[in-house]
Amino acid sequence: LWPNPNNKYIIMFPGDQYQSGRIIVIHGKAPSTPGGLSIGERGRDSRRNVDMRFWSVCNNDLALPVSAVGCTADLTTELEDDFYTIVISDDLLRPDWLKPHTNWLPWGDEQYPKLVFFRNMLPAANFPYAIQNAIAATCTFNFVLPTLPDRDPVDTAGQCAQQVMGDYYPVAAWCDKATFIAGGVRACLDERYGDRKRE
């Protein structure tokens, strides 16, 4: 869709409709950026090496012109030990049951299926975990709007990208809201978590 020499994307297809009583939970390690230090890191030495210029996660309507419903980016995303947690729900405003360091995106208009885009801009040459590296490793599939691709190529590309990106790959799943409230990220993503930091 929008890739260019500076920006590359990976896409998540959360399904054709919102699953009542459930939420989408996304978790991954945040690349460091020049301006995108976590709240707790501001004021520390800003001369450290950075992984890329910018990154963002956006929920979009799967309908032309693919409007963004909501986004979080390096500078606005809350982190815990360099990891972010993003919840997508059908609430109209940020729900009060979310913990302070959990980021929130709205599902938006339920008449539209969604696409969730994760963008990397200008990664450092010595940062091997960028989306650009996954694309160079041919972790790709064919996608022409408005037709959704077949599931198998998407899953294969995702597994390939996760191998390249490691902890920087955004792991995601639908989860019962009550499960997340009671047990957090680990309760929702335990099988996909691997060796990642757990809350």
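**View 1. Burial and overall make-up of the protein chain.** In this predicted model, 45% of the 199 residues of the protein chain count as buried. The accessible surface of the chain comes to about 10600 Å², and carbon and sulfur atoms account for 49% of that area. Three helices and eight strands make up the secondary structure, and from the N terminus on they follow the order β-β-β-β-β-β-β-α-α-β-α. Of the contacts between residues at least 6 apart in sequence, 66% join residues at least 24 apart.

**View 2. The nonpolar cores.** The largest nonpolar core holds 40 residues, and those with the most contacts inside it are I23, V25, I26, Y84, F118, M165 and F180. Strand β8 (residues 171-176) contributes the largest share of this core, five residues. Another core, of eight residues, lies apart from it and has Y9, F13, L115 and V154 among its members. In soluble globular proteins, nonpolar side chains tend to be buried together.

**View 3. The surroundings of V25.** Leaving aside neighbours within four places in sequence, V25 is in contact with T85, I86 and V87, with V171, A172, A173 and C175, and also with F180, V185, C188 and L189.

**View 4. M52 in strand β3.** M52 lies in strand β3, which spans residues 52-61, and because its relative accessibility is 2%, under the 20% limit, M52 counts as buried. Not counting residues up to four places away in sequence, M52 touches P31, S32, T33 and P34, as well as N120, M121, L122, P123, A124, F127 and A130. The C-alpha atoms of M52 and S32 are separated by 6.5 Å, although these residues are 20 apart along the chain.

View 5. The model has three salt bridges, and in one of them D176 pairs with R22, with the closest N and O atoms 3.1 Å apart. D176 belongs to strand β8 and R22 to strand β2 (residues 22-29), so this pair ties together parts that are 154 residues apart in sequence. D176 is partly exposed at 38% relative accessibility, and R22 is likewise partly exposed, at 26%. In another salt bridge, K114 pairs with D61, the closest N and O atoms being 2.4 Å apart; K114 in strand β7 (residues 114-123) and D61 in strand β3 are 53 residues apart, and the pair links distant parts of the chain. Both K114 and D61 are buried.

View 6. D155 forms a salt bridge with R151, and their closest N and O atoms are 3.1 Å apart. Because D155 and R151 are four residues apart in helix α2 (residues 151-165), about one helical turn separates them. D155 counts as partly exposed at 32% relative accessibility, and R151 is partly exposed with a relative accessible area of 46%.

Note on methods: Residues numbered from 1 in each chain as written. Predicted model: local features only at pLDDT ≥ 70, side-chain atom pairs only at ≥ 80, totals over all residues. Heavy atoms only, no water. Helix = DSSP H or I, 4+ residues; strand = E, 2+ residues; numbered from the N terminus. Buried < 20%, exposed > 50% of the residue type's maximum accessible area, 1.4 Å probe, protein only. Contact = heavy atoms within 4.5 Å. Areas by Shrake-Rupley, 256 points an atom, 1.4 Å probe, with all protein chains shown as cover. Core = buried A, V, L, I, M, F, W, Y, C linked by side-chain atoms within 4.5 Å. Salt bridge = Lys/Arg side-chain N within 4 Å of Asp/Glu carboxyl O.
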